[in-house]
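Work through the exercises below with the model open. Try each task before you read its solution.

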Amino acid sequence: MLLSIQDLRVAFRMGKVDGVMQRFEAVKGVSFDVPENGTVALVGESGSGKSVTAMSVLNLLPDNAERSGKIVYQGKDLLHADLSELQALRGKDIACVFQDPMGSLNPVFTVGQQLCEPLIKHLGMKPREAWARAEALLAEVGIPEPKRRLKAYPHELSGGQQQRVMIAMALSCEPKLLIADEPTTALDVTIQRQILELIAKLKEQHRMSVLFISHDLGLVGEIADHVVVMRNGIVREQGPVARIFNAPQDAYTKALLACRPHLGENPARLMVIDEHMQGQTARTQAKPKDPNAPVLLEVKALAKSFWLHTGLFARREFKAVRGVNFQLRRGHTLGVVGESGSGKTTMGLTLLRLHEPTGGEVMFDGRNLLTLNDRERQHMRRRIQIVFQNPYASLNPRFTVGQTLIEPMEIHKIGASTAERKERARALLEKVGLDATAFGKYPHEFSGGQRQRIAIARCLTLEPEVLILDEAVSALDVSVQAQVLNLLKDLQDELGLSYVFISHDLAVVRFISDEVLVMKDGEVVEQATAEEILAAPKQEYTRRLLGAIPRGYVPAAA
Amino acid sequence: MTSAVLPSPPPQRAPVQRSEGVWHAAWKRLLKDRVGIASLAVVALFIVLIVLTALGLVAKSWQAEVGVPNARPGFMGAAPPEAAAVIETPKGPNVDLSDVDPLAPRYKEWAERAAKLKTEEAPRAQTLPLGGDRLGRDVLVKAMKGTQTSVFVGLMGAVFAAIIGTLLGALAGFFGGKVGDFLEWLYNVFTAIPDILLILAFAAVFGRGVGSVAIILSLVGWTGLYRQVRAEFLKHSVREYVRAAEAIGASSMSRMFKHILPNVSHVIFVRMSLLVVGFIKYEVILSYLGLGVGVDDVSWGTMLAEAQSELILGYWWQLAAATAFMAVFITAFSLMTDALRDALDPKLRGLE
Amino acid sequence: MLPYLIRRLWQMVPTLVGAVLLVFVLFHFFGSDPAEILGGLNATPQQIDAIREQLGLNRPWYVQLGIYLKQVATLDWGSSWTTHEAVSHIFATRLPATLTVMLPILIFDTLLALPIAMWVAYRRGSLSDRAIMVVSTLALSISFLVYIIVGQYLFGFQLGWFPVQGWSDSVLTNLLTYVPLPLMLALMVGLAPQTRLYRTFFLDELGHDYVRTARAKGLTEGSVLFKHVLRNAMIPILTNIGLALPGIFVGSFLIEVFFSIPGLGREVILAVNRSDYPVIQATTVYLAMLTMIINLIVDLLYKLVDPRVVLK
């Protein structure tokens, strides 16, 4: 065994209340081993304690953390090692790669300078030697023109390249263990695939062990030998990957496996973890959609450009959206898929005129939205609404939920009196699955999923016909995602809403959409029904997108 | 477009409880901070003092010369009688000049007239609680009245500066474009001219006096707050909750002052508290230079101005009193501001 | 780079115009009448009028404004109305004095505040950290005036370590004899707020992710603080110094008045009290230009310190 974690407990001091120190227990007794030359994955949703567990190994936790238990590495208990011993191990025997590469690299030093640091410190190299070795490392992680890149600063590289640099830094002293904390979560799907393959290749070449932390079971299934499932600070289940996927024992693990939207099957409603754990089964009967429903929204040649200043008086045009066409029928859902920079979010905001478009037309109910005057535009706001991505930023932190819900009604003069508006607000809260007592609470008292429901309720106060969902579930955990997606489907069935669902996650889009638009660099690359896109993608890019999606554990062909 | 949300007769609903907001929660945190509470108590005491002096209940007669010039503080005891004349005073009756003195016939008449008048001459005290200044005025009373003047100037100036800075910063940060450019130009003009020059120039316009000093300081001091408010508004204008407000149809004014301002108010508050301290210190310097409050007013600055010449002669009590009052107030106020900032912070981290 | 410079210089013009106009309006329309001041207490109205005529104050305001603008453009200010010294000469002789006092103060302030702030940030939360914070809060609450008064009394008058006031013609004598006392007093006042500010900068940087990466690479705490954090903290520190620099030219006025140092700040106060327009106007323009040029230099320095900066 390379690393053995035994009964690890981590608590954070939260300050004194009435003279008594308050503690928050993030990890409550976790034990598992990391073998030599093996990959162990720590899986869990947010708040499960997986990152805290991994960071405890090298004690990279904040000052107010208290650890207890044993962390045995090569016969030595790291928990009780002093700082200089730990510093000798860090970067040399055990190295780390973190989630956000842009923030994790020092912005004022060049890539080369940062790469050379561990080489000079741990291997005692001279600067010139270290520089040459750094160049070789960059080449190994697949960075083109490594000599030139050594002198570059982190912000000059793309997200994927930054992560490769982080990996190079971690590998520089040939560590025996690599701790990777959600290394691909912040990256696009196609880049994610590249980084995973890189890590796998390097692991083989250097005979390294990897401790991989992730929330994505699909990802974990593809790369891990051994899986440890955590929830709320304890280990629910652990074992070889094949067993975990084929024959899970724990109810939570089973629920986690069942609740992911699959590319293959398409249930009417996703399973939610709690429901699954209580033994309910998935609903497969979906209400059929009317293929001849009237066209509600028709977009022709929509374009949006931004102008950037270059030089003294010159401006450069950046075309974020170029020539997008589609039709949305009443009661249907149009899914828009693309990676970052594809222009999908800009397009969504332009539909609502939150960005002013540079060209094209959007016909809604016979009128061109882009040429409305102010009064008509205000009227239009009632009929098309939007739910944003970040649930932590889309609600005003200083408004109570009640104030948030009542404001749109007051602006558009819905409801005859304040009492009636309060009534509607409370009824809407219950409709989205929240308790009516939420009315007087502030957003920070709710979780991400609950906040998204409040945002949806806010849209519903205006009784809209079209809802634009801009990455509305991307920031949520799997289980919560399932709940919100189910809610959206329920609302669509009940109220006849039409959705434009924007996302980078093809599996989610597949679940909720009838028709799918694939965007890249501002253009529509492919457009087809959801089944067609999956079964028979026509374009190369679409195929690449599909291929990049982690599929979970696929047993090797016999 | 159907809606299933129609009120049938509303069922009995439990009364809605409102959760605590940011300020309420910050207040509760502050109560647990011992240093914060202590400094808050001290500041509150000062505020009470200021209100009392403003109403005239205390320190109204600070100009009365109740003590001997440069009376010593009570705990030091009276000054020893001065070693008197150097020259020997002549003894014996005065020389009789009545034959050459043109006024001689009228002396008797004047003496009779004078006897009819009475002057109240209260005996001058030998010592005063904190000593007396060179005119014999009570230093303790002056210090109290001076507190009112100085703190008043600081607070009023800070409030005015905050109003100007917030308004302009909001407009610049939210709208940008031509409005933003114009306000940037204004900001550049005001910051290009050195502060002291600007103060002196405005003093030429507004003259001396408590209100004038407050206005002058605010006209010079709004720039720092403007910068910060503008940056905050720039940051918040692109946040999603503001976009969401635009999406539901809220007007620009509504978005600026109903949505963004409450999220920025804590920053403004902390900055304003810093301005209070800065302005009080500036007022001291201005009054020293003769540009601050009028001749008929007393402030910590005027006391310090007098103290300089007194110190050479060995009279240190006015300096000590002014410095002590000022130090206690500013230290308490600064600690209170720090505590308030800490109390507001953790809550905000959860909100943002 | 060149287009950026040109644009910045071009943008200075409206600011300069605004500053000039502001000062002109305030002094011409609201200030005391310089003719009265020059005439003295016993001047007759005819004498005052004659002086006004001589100074050109009787001409319409737009003519006066025109003359002023011409002066700005040609940088020819004529002479002071009270001392008849050429304005350019005034500047040339007073500026060195100001710099001799203020530059050492600025340098020592930064050089001392940095290590103290770093040490305090390193041992944050400890007793010494909190003690220093309380002491600095206390030190900040006492007016600079008090420091000067007590300082002059104590060190100059009573102990006789330094002369209470004075100035000489030799830079060396000035630096060794006359500067130390004001330097010491200014440091006592200025160190506290600088230290607090720099401490905040360091603590902010310590919260960033790259610090965790540096630790994960096995670097010592010292290396993390003095190499990684310091380099990043230089950015806000540079901003801070940049903001303070224009202030030293005139902000020194208090020191100059108290210590009788013939510097620019004192000159400005004297000029304003006497409504000496040429000096006032010249000061405004020079200082405004100086402020803008310093801002430009600081912005250019940013490019050196922060590679992310893109000069547009």
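Two residues are in contact if their C-beta atoms, placed from the backbone, lie within 7 Å. Helices (H or I, at least four residues) and strands (E, at least two) are DSSP runs, numbered from the N terminus. This is a predicted model: local features need pLDDT of at least 70, side-chain atom pairs count only at pLDDT 80 or more, and totals for chains, interfaces and linings use all residues. Residues are numbered from 1 along each chain as its sequence is written, and chains are lettered from A and ligands numbered from 1 in the order in which they are written.

**Exercise 1. Describe how α6(C) packs on α9(C).**

Step 1. Find the contact. S136(C), A139(C) and L140(C) of α6(C) meet M188(C), A192(C), P193(C), T195(C) and R196(C) of α9(C).

Step 2. Sort the residues. Ala, Val, Leu, Ile, Met, Phe, Trp, Tyr, Cys and Pro count as nonpolar, Asp, Glu, Lys and Arg as charged, and the others, Gly among them, as polar. This contact has five nonpolar, two polar and one charged.

Step 3. Take the geometry. Axes are lines fitted to C-alpha atoms, for helices over the stretch in contact, and angles run from 0 to 180 degrees between N-to-C directions. The axes of α6(C) and α9(C) (residues 180–206) come within 9 Å and cross at roughly 130°. α6(C) is therefore oblique to α9(C). Angles under 35 degrees count as roughly parallel, over 145 as roughly antiparallel, 65 to 115 as roughly perpendicular and the rest as oblique.

Step 4. A crossing is left-handed if the near helix is turned anticlockwise from the far one by less than a right angle, and right-handed if clockwise. The crossing of α6(C) and α9(C) is left-handed.

**Exercise 2. Do likewise for α5(C) and α14(C).**

Step 1. The axes of α5(C) (residues 87–122) and α14(C) come within 10 Å and cross at roughly 60°. That makes α5(C) oblique to α14(C).

Step 2. This crossing of α5(C) and α14(C) is right-handed.

Step 3. α5(C) brings V87(C), I90(C) and F91(C) to the contact, and α14(C) brings P278(C), V279(C), A282(C) and Y286(C). By class, the contact of α5(C) with α14(C) has seven nonpolar, no polar and no charged residues.

**Exercise 3. Which classes of residue form the sides of chain C that touch chain B and chain A?**

Step 1. Start with chain B. The contact takes 32 residues from chain C and 30 residues from chain B. α1(C) gives the most to the side of chain C, with nine residues. That side divides into 22 nonpolar, ten polar and no charged residues.

Step 2. Turn to chain A. Here the contact takes 21 residues from chain C and 26 residues from chain A. On the side of chain C, the largest share, six residues, comes from α10(C). The classes are six nonpolar, six polar and nine charged.

**Exercise 4. Which strands stand at the edges of the six-stranded sheet in chain A?**

Step 1. Write the order. The open sheet runs β16-β17-β18-β13-β19-β20 (chain A), with mixed pairing. Two strands pair if DSSP finds at least two bridges between them.

Step 2. Read the ends. β16 (384–387) and β20 (523–529) of chain A are the edge strands, each with a single partner, so one side of each has no neighbour in the sheet.

Step 3. Check one pair. β13(A) (residues 333–337) and β19(A) (residues 515–520) pair in the parallel sense over four bridges. L334(A) stands opposite E515(A) in β19(A).
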